[in-house]
Amino acid sequence: MTDAEEAGIDASAPVLSRHSVTVSASAGTVWRILTDIDAWTTWLPEIPYARVETPGPLAPGSVFRWSAAGMEIESTILAVRPQERLVWRGYGNGPDGVLGIHVWTLTPSDEGVQVSTEESFAGPPVDADPAPFQEGLDATLAGWLERLKHTAEEATAR
């Protein structure tokens with residue numbers, strides 16, 4: 001990937017998942033919730049730990065550590081376009097574990113904002129048995145979107 005702004009998922013990975021939802025909130029509200037990584041644990045119960053390691057605003061090269069699905073994950077931001085696009089790459093359980101590339105896209109719509117997310121999984125554990133990873137990733141992304149929608153719409157209603 002030479003152009004970080006156009007960084008995307010690994011389309012050749014054995015596990016790919018794409019989901020979207022319309023959120024009745026502003027892109028600014030959704031973006032604030034999505035990019036406040038240290039607060040993920042307040043609205044994503046499946047994430048017991050999340051912390052940005054790099055000081056300052058999120059930018060390409062920023063690192064954050066978190067845990068999900070029994071994996072310890074270290075992620076690096078690849079692209080940030082505020083209120084439009086966020087891309088990160090992360091390794092679950094180290095470089096020989098699961099490599100995930102995650103893209104979030106926010107697009108204005110008549111009802112608020114269309115939030116789309118897509119992620120690819122690769123790596124030895126995924127290659128060995130992709131089916132449970134596919135099932136888990138599909139459920140996780142759908143759940144994240146529903147919780148993000150709920151959290152953003154609740155914040156908007158206040």
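1. Let's start with Thr 35, which counts as buried because its relative accessibility is 18%, and buried means under 20% relative accessible area (over 50% is exposed, in between is partly exposed; 1.4 Å probe, protein chains only). Thr 35 sits in helix H1, residues 27–35. Helices (H or I, at least four residues) and strands (E, at least two) are DSSP runs, numbered from the N terminus. Leaving aside neighbours within four places in sequence, Thr 35 is in contact with Leu 58 and Leu 86, where contact means heavy atoms within 4.5 Å.

2. A quick word on what you're looking at: this is a predicted model, in which local features need pLDDT of at least 70 and side-chain atom pairs count only at pLDDT 80 or more, while totals for chains, interfaces and linings use all residues. Residues are numbered from 1 along each chain as its sequence is written, and side-chain values use heavy atoms, with hydrogens and water left out.

3. Now have a look at the largest pocket, which holds about 360 Å³ of space. Of the 24 residues that line this pocket, Ala 68, Ala 69, Met 71, Ile 73 and Phe 121 are the closest to its centre. A pocket here is an open set of points on a 1 Å grid over the protein atoms alone, where a 1.4 Å probe fits, with protein on both sides within 12 Å along at least five of seven lines; lining residues have an atom within 4 Å of a point. Points are joined across faces, edges and corners, and the volume is the space filled by probe spheres set on them.

4. Which elements give two or more residues to that lining? They are strands S3 (63–68), S4 (71–81), S5 (85–92), S6 (98–109) and S7 (112–122), plus helix H4 (130–157). H4 gives the most, with 7 residues.

5. The lining divides into 15 nonpolar, 7 polar and 2 charged residues. Ala, Val, Leu, Ile, Met, Phe, Trp, Tyr, Cys and Pro count as nonpolar, Asp, Glu, Lys and Arg as charged, and the others, Gly among them, as polar.

6. On to the loops. Gln 83, in the loop between S4 and S5, has a positive phi, near 65°. Most residues other than glycine have a negative phi. Gln 83 counts as partly exposed because its relative accessibility is 40%.

7. In the loop between S5 and S6 you'll find Asn 93, whose phi is also positive, near 65°. Gly 94 is found in the loop between S5 and S6 too, and is partly exposed, with a relative accessible area of 24%. Gly 94 and Met 71 are 23 residues apart in sequence and 9.2 Å apart in space, C-alpha to C-alpha.
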